[in-house]
Amino acid sequence: MQGPSFATADDGFSPRHPRAQPRLFDALPGLAAEVPWRPLAHLPTPVEPLSGRFAFLGPGQVAIKRDDLISPRYGGNKVRRYEFVLADILARSKRHIVTAGGLASTQVTATASFAEALGLGLTAVLFDQPVTRFAREAVLADVSLGAELVYGGSYLNTALETARALRRVGPQGALILPGAATPRANLGYLDAVFELEAQVRAGHCARPDVVLLPTGSSGTLAALSLGFAFLGWPTEVVGVTIASPWVCNRLTVGRVVRETARWIAARDKRFHPSLAHAARWRLDGVALGRGYGHPSPEAVAGIARVQQITGAPGEVTYSGKALAGLSALLRDPRYQQQNILWWNTLSTPRPALAPDAEARVPRALRWVLAAPLVA
Ligand SMILES: *Cc1c(COP(=O)(O)O)cnc(C)c1O
């Protein structure tokens, strides 16, 4: 895939040793024929054993998959999906992305990072969530990366402003919905399953009985559980929910799993849509508190532990809640003999802030810079 003004080799976005194609295309060559792709992630990400290194993990068999290190600039779990999403946008000759997300949205920041690297414009409409330090820094990072921010506020007004931004941009515009969890995007974590399988084969970690990660739009969980089903692994994926049960529940996740399976099966017969029934996953609401971005006590307690393990600060929306979910799992007798893999989705590197970042924040969002921080 050739896009205009693709970033140079030492910018931290382009992998130093880019893969010729994703592992997924070896397993499912029908996808290779049809699906645009370009390398953005630095892969494979390491898997590291944590057992015995942290008292709070107890005697459990725990390892970490470090997708926090997927890009030296910024990334986390959005990078793998953007290898497919942004390649598709470039293949359709679009020049300007419109997206929406919460004030602290990692998806908006990741979009800003990679849009800048690929020479694409970005307008992001932001909806309200509790103002944490992480949220404030996300807004400053977004404008530092050249994103045009629009304040949406409520969900309804965010939808209206997003539609308005798309109209304004015209035919050059490409919409990425909050979470960016389309079947195409989910190919990124299907690919990750083949990466993990190679790491298990090479003896870097045991085959996990359980993979635990924070779940919002559920694209990551859906793709991982489908991938394990494709390999015939009995691995269960536990999604620690970070979004309200209205948007993240058994029905919505089941739909994402089935749609993704059907989309892939339509392009490669080796993948059967019935794998959606074989996929093993469940949701755990242990840390959600009052909802998306809410600093539940469990999530706040998780922040420090994220820092102890990864060396970088956690936050309440994603990693703090994931760690709370991990702690709960380790207390559950059913899991004490199992190999648990915490798939860490939050980027460790944070984007550099421009010296004039505060001045770049639009007037309607300035209150975020002054609001009292809830965590
Ligand atoms: C987006 C995101 C998630 C949620 O992933 P989904 O695939 O949308 O469920 C989890 N953790 C982090 C750090 C994220 O940025």
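A residue counts as buried when its relative accessible area is under 20%, and as exposed when that area is over 50%. The legends below describe close-up views of a predicted model.

**View 1. His 294, in the loop between β9 and α11.**
With a relative accessibility of 15%, His 294 counts as buried. Leaving aside residues up to four places away in sequence, His 294 touches Pro 130, Leu 288, Gly 289, Val 316 and Lys 321. Val 131 is 163 residues from His 294 in sequence, yet the C-alpha atoms of the two are 9.1 Å apart in space.

**View 2. Gly 232, in the loop between α8 (219-231) and β8.**
Gly 232 has a relative accessible area of 57%, so this residue is exposed. Between Gly 232 and Ala 279 the separation is 47 residues in sequence and 9.5 Å in space, taken from C-alpha to C-alpha.

**View 3. The largest nonpolar core, with 49 residues.**
In soluble globular proteins, nonpolar side chains tend to be buried together. Within the largest core of this model, the residues with the most contacts are Tyr 82, Leu 86, Ile 89, Ile 97, Leu 126, Leu 149 and Ile 176. Two or more residues of this core come from each of α3 (78-91), α4 (106-118), β4 (121-127), α5 (133-144), β6 (173-176) and α14 (367-370). The element that gives the most is α4, with seven residues. A second core of 44 residues is separate, and includes Ala 192, Leu 221, Ala 229 and Val 237.

**View 4. The surroundings of Ile 97.**
Ile 97 is among the residues with the most contacts inside the largest nonpolar core. Not counting residues up to four places away in sequence, Ile 97 touches Leu 86, Ile 89, Thr 111, Ala 115, Leu 120, Gly 121, Leu 122, Thr 123, Ala 174 and Ile 176.

**View 5. Helix α5 and the elements that pack against its buried residues.**
Of the 12 residues of α5, 10 are buried, so the rest of the structure largely encloses this helix. The buried residues are Phe 134, Ala 135, Arg 136, Ala 138, Val 139, Leu 140, Ala 141, Asp 142, Val 143 and Ser 144. They pack against α4, β4, β5 (148-153), α13 (357-360) and α14. At 1.5 Å a residue, the 12 residues of α5 should span 16 Å, and this agrees with the 16 Å between its end C-alpha atoms. Just after α5, Gly 146 has a positive phi of about 90°.

**View 6. The crossing of helix α11 (residues 297-310) and helix α12 (residues 319-331).**
Two packed helices are described by the angle between their axes and the distance between the axes. Here the axes come within 7 Å and cross at roughly 95°. That makes α11 roughly perpendicular to α12. On the α11 side the contact involves Glu 298, Ala 299, Gly 302, Ile 303, Arg 305, Val 306 and Ile 309, and on the α12 side Ser 319, Gly 320, Lys 321, Leu 323, Ala 324 and Ser 327. Six residues of this contact are nonpolar, four are polar and three are charged.

**View 7. Burial in α11 and α12.**
In α11 the buried residues are Ala 299, Gly 302, Val 306, Ile 309 and Thr 310. What covers them includes β2, α12 and β10. Just after α11, Gly 311 takes a positive phi of about 85°. Helix α12 is mostly covered, with 12 of its 13 residues buried. Its buried residues include Ala 322, Gly 325, Leu 326, Ala 328, Leu 329 and Leu 330. Among the elements that cover the buried residues of α12 are β2 (61-66), β7 (210-215), β8 (236-241), β9 (281-284), α11 and β10 (339-344). The 14 residues of α11 should span 20 Å at 1.5 Å a residue, which agrees with the 21 Å between its end C-alpha atoms. For the 13 residues of α12 the span should be 18 Å, which agrees with end C-alpha atoms 19 Å apart.

**View 8. The crossing of helix α7 (residues 183-201) and helix α9 (residues 250-265).**
The axes of these helices come within 9 Å and cross at roughly 90°. α7 and α9 are therefore roughly perpendicular to each other. Pro 183, Arg 184, Asn 186, Leu 187 and Leu 190 of α7 make the contact with Val 256, Glu 259, Thr 260, Trp 263 and Ile 264 of α9. The residues of this contact divide into six nonpolar, two polar and two charged.

Note on methods: Residues are numbered from 1 along each chain as its sequence is written. This is a predicted model: local features need pLDDT of at least 70, side-chain atom pairs count only at pLDDT 80 or more; totals for chains, interfaces and linings use all residues. Side-chain values use heavy atoms; hydrogens and water are left out. A nonpolar core is a set of buried Ala, Val, Leu, Ile, Met, Phe, Trp, Tyr and Cys residues joined through side-chain atoms within 4.5 Å. Buried means under 20% relative accessible area, exposed over 50%, partly exposed in between (1.4 Å probe, protein chains only). Helices (H or I, at least four residues) and strands (E, at least two) are DSSP runs, numbered from the N terminus. Contact means heavy atoms within 4.5 Å. Axes are lines fitted to C-alpha atoms, for helices over the stretch in contact, and angles run from 0 to 180 degrees between N-to-C directions. Angles under 35 degrees count as roughly parallel, over 145 as roughly antiparallel, 65 to 115 as roughly perpendicular and the rest as oblique. Ala, Val, Leu, Ile, Met, Phe, Trp, Tyr, Cys and Pro count as nonpolar, Asp, Glu, Lys and Arg as charged, and the others, Gly among them, as polar. The expected span of a helix is 1.5 Å times one less than its number of residues.
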